[in-house]
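Hello,

Here is the structure we talked about. My notes on its aromatic rings follow below it.

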Amino acid sequence: MGDLFKIRIMKKSFCVSSFLLAAMLLVSCGVSRIQTISEEELFKIPYGNFEEQISVTDLNGVGDCRFGIAMQDGFFYLINGESKKIMELNSYGDLLSLYYNEDSQTAKLIEKSNRKALSVHHVIAYPFDYTGKLAIDSQKNVYTVCSIPVDRQEQNEDATMLYCNTVLRISRDGSSVDYIGQQGPGGTPFPYIKNLYITQKDELVVVSTSSDGAVVYWFASDGFLKYMIPISLKSVPQIQGKENNEIFCTIDNVIPDLQNYCLYLKVDYYTTFLDEESKVQSGINYVQTVLYPLDISMQRYGEGTVVPPYEESIVVDYSRLTYKIPYDFLGVTKNGWHFFIIKTDDGFNVEMIQPDTQKILRRHFTADHNQIMFDTMTVSADGIITALYLDKEIARVVWYRTDNLIASFLKK
């Protein structure tokens, strides 16, 4: 069983002024103007129920569908939760491997076709539902989050958490399939899993939600637990608001470092908003976002880095109003670049920050949201953003070569 510890916070004061100063330093140390980077369409996948198609029941209500994408060494992995299948494809869209549940629609169609079983077909016996989250290690083993049957779900003692997810591990050739729980292979289910990550050491990191924050499970390459790290909102460093206004925070995301035993927490801070006339709380105001490194071995937080927000201005009654909106934390590269993304009216804005060097890159991706019914993105260890777009007529896999952008920027 791994180490269970309480997080100890560094005895250091965090104030708004210091973070604003840090933001100014970041901006002055290499922010480029927001330019557009072109997408490169790799291949398309038609809709349907056959093995080389993606199944979608209703594109008009596709917001909660269980799709996911991962890219490893130029190979692409798509998960279609509705069809209970995972597809491995090359950059041309050719199907290399297909993993599917034995009780799925895909299995029934293949059986009815009376075709000889192909070597790329791998049947999964576990009766799990795929949630759309997956990760791939260097040996091309597939890890995916599954919801277990209701009769096997459990609750904790005070009924504040439901243990409902497990991680299915599938070997590249489909010859070995098992599931990983809290303690390792065959362990008890996890609380709701937010995401999965694989480090450069092929160690699995599972980020689950809890009633007061998050719980991170860090596994060795053999699948057995090394660390369990509970992260409570109470343990997160706090900042001081202006005029003693109450500040509260949310943990937006937790992502592991790919090289070291370190976690990165994106924390968004807010303050209450009082109506000037009635002096009654009428809303909340966004204050700022801070990215904190959490050293697992030292069991403490390092100095935070301010993540500049996305700003959008509108004109109302001849007055210009500027809104600040926090980015979503997308991922971390092996070279220490942290990717943040936000959807805009005409596409996406991405902000890439390297805290150690205080460098920031900002770029814009153009996308037609009127055509894209659903989208999901991932960033690889090398810094390539890959996206799955479900358009009205067909699904598309595209990527954005932000790795080349970073490499050219560092050469300047």
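A residue counts as buried when its relative accessible area is under 20%. Keep that cut-off in mind for what follows. Please also note that this is a predicted model.

Aromatic pairs first. The structure holds 16 of them. One is formed by Y270 and Y286. Their ring centres are 5.8 Å apart, with 65° between the planes, and the pair is edge-to-face. Y270 sits in strand β21 (residues 262–274), while Y286 sits in strand β22 (residues 281–295), so this pair ties together parts 16 residues apart in sequence. Both Y270 and Y286 are buried.

Next, F365 and Y400. Here the centres are 4.0 Å apart and the planes meet at 5°, so this pair is stacked. F365 belongs to strand β30 (residues 359–366) and Y400 to strand β33 (residues 395–400), so the contact ties together parts that are 35 residues apart in sequence. How buried is F365, in relative accessible area? The value is 0%, so F365 falls under the 20% cut-off. Y400 also counts as buried, at 0% relative accessibility.

Ring pairs link F43, F76 and W399.

Last, two arginines over rings. R401 lies over the face of W399, a member of that cluster. The distance from R401 to the ring centre is 5.0 Å. R172 lies over the face of F75, at 5.7 Å from the ring centre.

Best wishes

Terms used:
Residues are numbered from 1 along each chain as its sequence is written. This is a predicted model: local features need pLDDT of at least 70, side-chain atom pairs count only at pLDDT 80 or more; totals for chains, interfaces and linings use all residues. Side-chain values use heavy atoms; hydrogens and water are left out. Rings of Phe, Tyr and Trp (its six-membered ring) pair if their centres lie within 6.5 Å; planes under 30 degrees apart count as stacked, over 60 as edge-to-face and the rest as tilted. Helices (H or I, at least four residues) and strands (E, at least two) are DSSP runs, numbered from the N terminus. Buried means under 20% relative accessible area, exposed over 50%, partly exposed in between (1.4 Å probe, protein chains only). A charge sits over a ring if NZ of Lys or CZ of Arg is within 6 Å of the ring centre and within 35 degrees of the ring normal.
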